[in-house]
Amino acid sequence: MSIVVTGATGELGSLVVEQLLATVPADRIAAVGRDKEKAAGLAARGVEIRVADYDSPQTLSEAFRAGDRVLFVSGSEPGRRVPQHTAVIEAARAAGVAQLAYTGVLGGPDADFRLAADHKVTEQLILDSGIPHTFLRNGWYTENYTANLAPVLEHGAVVSNAGDGRVASAARADYAAAAVAVLTGEGHLGAAYELSGDVAWSLTEYAAAVSAATGKEIVYTEIPGAAHQEILAGAGVPEGFAAILVDVDEAIRRGLLAGTSGDLARLIGRPTTPLAETVAAAVASA
């Protein structure tokens, strides 16, 4: 039996593998990814590499083994995920995995924004498959904001159509730690965890955190959704994805990413990483 991480060279998957390496022997870990060369560093540390691609179902037969505990990191392309995820679920079921922990979205079946649609279908597919499962319904990553600091600093403004909505974000490493806890612990089968940060913050507070970290005046400017989409498109974001991001901000305005269930902190055994800490780290590394 191995602990298997799909998308193991991606932003979340790589953090999970790193934290697993600090917890269990390397020979108990299997990393699934499309590019063997990209995973070469993990192989050198004793991690088993299983090459597979969500878009190539025939490759997924080699991704899983009977009794594996699997972290199923969702695909990154909305609109393509349902066929990709169907292929992963079918391969996991055929292999007889012992656990499929899926990274979905905060709110699960109650989330009514466009980005959640593929996740809701996937959760139902997993339920229908009969595979022992755990749902990790991830909230927003603070890095979704700090990864885009350059235009904020250039223009001195955070712009969004989210209004006064609040975001209970956490650092990506916090979500990775929750996945490790579920993969290495007991009592998680059949559970659905609503994962989010301990504190929900507004974009006005985010702008203030960036100001404090940089010493520059940063303000939050609310704009209509159509104007926001034009700005994103002008920055090179594909039209369809820009529309999804604007819709997410509308969901934030309606409070759908503000939930603070405490599940994340309970799983990782500590408070979640504060907004100001992630912002300061991003500014220091910029």
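Which residue of β2 does V4 stand opposite? In this predicted model, the answer is A30.

**Strand β2 and its neighbours**
- Strand β2 spans residues 29-33 and is mostly covered, with five of its five residues buried.
- Both of its faces are covered: I29, A31 and G33 are buried on one side, and A30 and V32 on the other.
- Strand β1 (residues 3-5) runs parallel to β2, and three bridges join the two.
- Together with helix α1 (residues 11-21), β1 and β2 form a β-α-β unit that is right-handed.
- Strand β3 (residues 48-51) also pairs with β2 in the parallel sense, here over four bridges.
- Within β3, R50 is the bridge partner of V32.

**The sheet as a whole**
- Seven strands make an open sheet with parallel pairing, in the order β3-β2-β1-β4-β5-β6-β9.
- β3 and β9 (192-195) stand at the edges with a single partner strand each, so one side of each has no neighbour in the sheet.
- From one strand to the next, the twist averages 20 degrees.

- Strand β6 (residues 133-138) pairs with β9 in the parallel sense over four bridges.
- In this pair, L136 stands opposite Y193 of β9.
- Helix α4 (residues 117-129) packs on the sheet and touches β4 (69-72), β5 (99-105) and β6, with its direction at about 160 degrees to that of β5.
- Helix α7 (residues 172-184) packs on the sheet too, touching β1, β4, β5, β6 and β9, and its direction makes about 155 degrees with that of β4.

Conventions. Residues are numbered from 1 along each chain as its sequence is written. This is a predicted model: local features need pLDDT of at least 70, side-chain atom pairs count only at pLDDT 80 or more; totals for chains, interfaces and linings use all residues. Side-chain values use heavy atoms; hydrogens and water are left out. Buried means under 20% relative accessible area, exposed over 50%, partly exposed in between (1.4 Å probe, protein chains only). Two strands pair if DSSP finds at least two bridges between them. A crossover is right-handed if, with the strands pointing away from the viewer, the path from the first strand over the helix to the second runs clockwise. Axes are lines fitted to C-alpha atoms, for helices over the stretch in contact, and angles run from 0 to 180 degrees between N-to-C directions. Contact means heavy atoms within 4.5 Å.
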